[in-house]
Amino acid sequence: MASSQFCFGHAGDGNLHTNIIKGTMSDADWDTKLNDGICEIFELTVSLGGTISGEHGIGLVQKEFMPIKYTDIHFNLWRGIKKVFDKNNILNPGKIF
């Protein structure tokens, strides 16, 4: 078994949590191919009309993949909203912005 993927979720709201398990993959393959696998999952999800966020929003894993779903318009809007409510950037500084 090179690697496996397990998926579980919430029946009521449609959230799916996918865990990719390293299995017997070499560390080198894991380090170079994991992001490709995550990207492929997110691209398929978006192409099927889904999103990359879950019930808790965007996490640290999803952060780098946000451009798959969201445009500069989204990012600029969110930055503006954050500035209105967090002028001093003290709430989760650097987490997303």
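Aspartate 86 sits in the segment after helix H3, which spans 72-85. Helices here are DSSP runs of H or I with at least four residues, strands are runs of E with at least two, and both are numbered from the N terminus. Before I go on, this is a predicted model, where local features need pLDDT of at least 70, side-chain atom pairs count only at pLDDT 80 or more, and totals for chains, interfaces and linings use all residues. Residues are numbered from 1 along each chain as its sequence is written, and side-chain values use heavy atoms, with hydrogens and water left out.

Back to aspartate 86. Aspartate 86 counts as buried because its relative accessibility is 7%. The cut-offs are under 20% relative accessible area for buried, over 50% for exposed, and partly exposed in between, with a 1.4 Å probe and protein chains only. What does the side chain of aspartate 86 lie close enough to for a distance to be listed? A polar atom of that side chain is 2.8 Å from the backbone nitrogen of isoleucine 90. A polar atom of the side chain is also 3.0 Å from the backbone nitrogen of leucine 91. A polar contact is a pair of N or O atoms within 3.5 Å; within protein, one must be able to donate a hydrogen and the other to accept it, and residues adjacent in sequence count only if both atoms are side-chain atoms.

Asparagine 89 is in the segment after H3, and its phi is positive, near 50°. Asparagine 92 is found in the segment after H3 as well, with a positive phi of about 50°. Most residues other than glycine have a negative phi. Are these asparagines buried or exposed? Asparagine 89 is partly exposed because its relative accessible area is 33%. Asparagine 92, at 54% relative accessibility, counts as exposed.

Now the chain as a whole. The protein chain has three helices and two strands, in the order β-β-α-α-α along the sequence. Of its 97 residues, 15% are buried. Among contacts with a separation of 6 or more, 21% join residues 24 or more positions apart; contact means heavy atoms within 4.5 Å.

Next, the core. The largest nonpolar core has eight residues: Ile38, Phe42, Ile52, Ile58, Phe65, Met66, Tyr70 and Phe75. Such a core is a set of buried Ala, Val, Leu, Ile, Met, Phe, Trp, Tyr and Cys residues joined through side-chain atoms within 4.5 Å. Methionine 66, one of the eight, is in the loop between H2 and H3. Methionine 66 counts as buried because its relative accessibility is 3%. Leaving aside neighbours within four places in sequence, methionine 66 contacts Ile52, Ile58, Phe75, Trp78 and Ile96. Phenylalanine 75, with residues up to four places away not counted, touches Met66, Pro67, Tyr70 and Phe97.

Serine 53 lies in the loop between helix H1 (27-47) and helix H2 (60-63). Its relative accessible area is 25%, so serine 53 is partly exposed. From C-alpha to C-alpha, serine 53 is 8.8 Å from methionine 66, at 13 residues apart in sequence. Phenylalanine 42 is eleven residues from serine 53 in sequence and 9.8 Å away in space, again C-alpha to C-alpha. Beyond four places in sequence, serine 53 touches Asn15, Ile58 and Tyr70.

Last, a pocket. Which residues line the second largest pocket? They are Ile58, Met66, Trp78, Ile81, Lys82, Leu91, Asn92, Lys95, Ile96 and Phe97. By class, that lining is seven nonpolar, one polar and two charged residues. Nonpolar covers Ala, Val, Leu, Ile, Met, Phe, Trp, Tyr, Cys and Pro; charged covers Asp, Glu, Lys and Arg; the others, Gly among them, are polar. About 230 Å³ of space lies in this pocket. A pocket, on a 1 Å grid over the protein atoms alone, is an open set of points where a 1.4 Å probe fits, with protein on both sides within 12 Å along at least five of seven lines, and lining residues have an atom within 4 Å of a point.

Conventions. Grid points are joined across faces, edges and corners, and a volume is the space filled by probe spheres set on the points.
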